Amino acid sequence: YAEWVMREISDYQIDLMFCQQKLRKYDPETGLWNEVPSLEVQKLICTLDGARAYKGADKNGRPKFKRVNIGKRLIESIEGTLHTILKIPGAEMNPMPGMSFNNGFVQVDKEKGVTLLPFAREQRAISKIDYDFDFEPKTPKMDKFMDEVFVGSDAEAKKQFMWEFMGCSLAGLCPTMQKAVIGIGEGANGKSVFADIWKGLMPE
C-alpha cells in the first residue's frame, strides 16, 4: 500500500524524502523540497477503501482477493511505512551550505567562495529568498542604515562582520563559527531594527 501511495504522489521515488518529520516532494522549477501535508497523504490512503487487494493463491493456484478496509490503524501503518522507506540518513544534518533564490542556489564554500548553481535535489533546500541573487547588489537603504548604526574608527570592520555573520546564518554556517552576536548599547541605536531585518530574512 505504501508503495502505491508513493507512486501516486510522484512518478519518481528520487523526488520524495522524509526529512525533519515531514514528507517532502522535490519541485525542479523552484529547487525546493516542499511539504506534502499529512492530510493529503491520509486522504489518498482512504481512496483505497473497498479496493480489491491480492491475498495470494488458493490451494488450486487461483488468485485470492480481499476488499481493503481502511481504518485509523491501517492509515497510520501505511503512512509510517512510507516515512521509513523515504527517510534519508543524514538529510536533516547535512544539507548543502547555502540558500535558494529565484535564479538558483547560492552555495557557500570555504575554498570556492560564493557560487550560483542551478537547482538540484542534493541541495535539500526547503525555503528560499524570493529575489534573484546578484553578486553586486545595490542596497542604498541598508547601506544608509548601517552607516547610522555603526560609527567610529572600527565602523567598517563591524559592518563587514555583520554582513558576514548574516550571510553565514542564511547559509546555515553559523554553528561552525562557534560565535554569537550580542547587541550592546543604550536605547534607540538600531539594535531592535537590525534584529527585525535579520529575522525577516530568515525562513519561517
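This is a predicted model: local features need pLDDT of at least 70, side-chain atom pairs count only at pLDDT 80 or more; totals for chains, interfaces and linings use all residues.
I'll begin with helix α5, residues 155-171. It has 17 residues, and from its first C-alpha to its last it reaches 24 Å. At 1.5 Å a residue the expected figure is 24 Å, so the span is close to that.

Which residues of α5 are buried? They are Ala-155, Lys-159, Met-162, Phe-165, Met-166, Cys-168, Ser-169, Leu-170 and Ala-171. Note that a lysine, Lys-159, is in that list. The cover over these buried residues includes strands β6 (98-101), β7 (104-109) and β9 (128-129). It also includes helices α4 (140-149), α6 (174-177) and α7. Just after the helix, Gly-172 takes a positive phi of about 80 degrees.

Now two of those neighbours in turn. As background, two packed helices are described by the angle between their axes and the distance between the axes.

The partner α7 covers residues 191-201. Its axis and that of α5 are 10 Å apart, and the packing angle is about 30 degrees. An angle under 35 degrees counts as roughly parallel, so α5 is roughly parallel to α7. The crossing of α5 past α7 is right-handed. On the α5 side, the contact is made by Met-162, Phe-165, Met-166, Ser-169 and Leu-170. On the α7 side, the residues are Phe-194, Trp-198 and Leu-201. By class that contact has seven nonpolar residues, one polar and no charged. The spacing along the two helices has a simple background: an α-helix has 3.6 residues a turn, so residues three or four places apart point the same way.

The other neighbour is α4. Its axis comes within 10 Å of the α5 axis, and the two cross at roughly 130 degrees. How are α4 and α5 oriented to each other? They are oblique. This crossing, α4 past α5, is right-handed. From α4, Met-142, Asp-143, Met-146 and Asp-147 meet Lys-159, Met-162 and Trp-163 of α5. This contact divides into four nonpolar residues, no polar and three charged.

Helix α1, residues 2-9, packs on α3 at an angle of about 70 degrees, with the axes 9 Å apart. That makes α1 roughly perpendicular to α3. Here too the crossing, α1 past α3, is right-handed. Ala-2, Glu-3, Val-5, Met-6 and Ile-9 of α1 meet Ile-78, Thr-81, Leu-82, Ile-85 and Leu-86 of α3. The class count for α1 with α3 is eight nonpolar, one polar and one charged.

Helix α3 runs over 72-86, and Lys-87 is found in the loop between α3 and β6. Lys-87 is partly exposed, at a relative accessible area of 44%. What lies 9.5 Å from Lys-87, C-alpha to C-alpha? It is Gln-20, which is 67 residues away in sequence.

That brings me to the loop between β1 (16-19) and β2 (22-27), where Gln-20 is found. Gln-21 is in that loop as well. Most residues other than glycine have a negative phi. Gln-20, however, has a positive phi of about 55 degrees, and phi of Gln-21 is positive too, near 60 degrees. Gln-20 is partly exposed at 38% relative accessibility, whereas Gln-21 is exposed, with 61%.

Note on methods:
Residues are numbered from 1 along each chain as its sequence is written. Side-chain values use heavy atoms; hydrogens and water are left out. Axes are lines fitted to C-alpha atoms, for helices over the stretch in contact, and angles run from 0 to 180 degrees between N-to-C directions. Helices (H or I, at least four residues) and strands (E, at least two) are DSSP runs, numbered from the N terminus. Angles under 35 degrees count as roughly parallel, over 145 as roughly antiparallel, 65 to 115 as roughly perpendicular and the rest as oblique. A crossing is left-handed if the near helix is turned anticlockwise from the far one by less than a right angle, and right-handed if clockwise. Contact means heavy atoms within 4.5 Å. Ala, Val, Leu, Ile, Met, Phe, Trp, Tyr, Cys and Pro count as nonpolar, Asp, Glu, Lys and Arg as charged, and the others, Gly among them, as polar. Buried means under 20% relative accessible area, exposed over 50%, partly exposed in between (1.4 Å probe, protein chains only).
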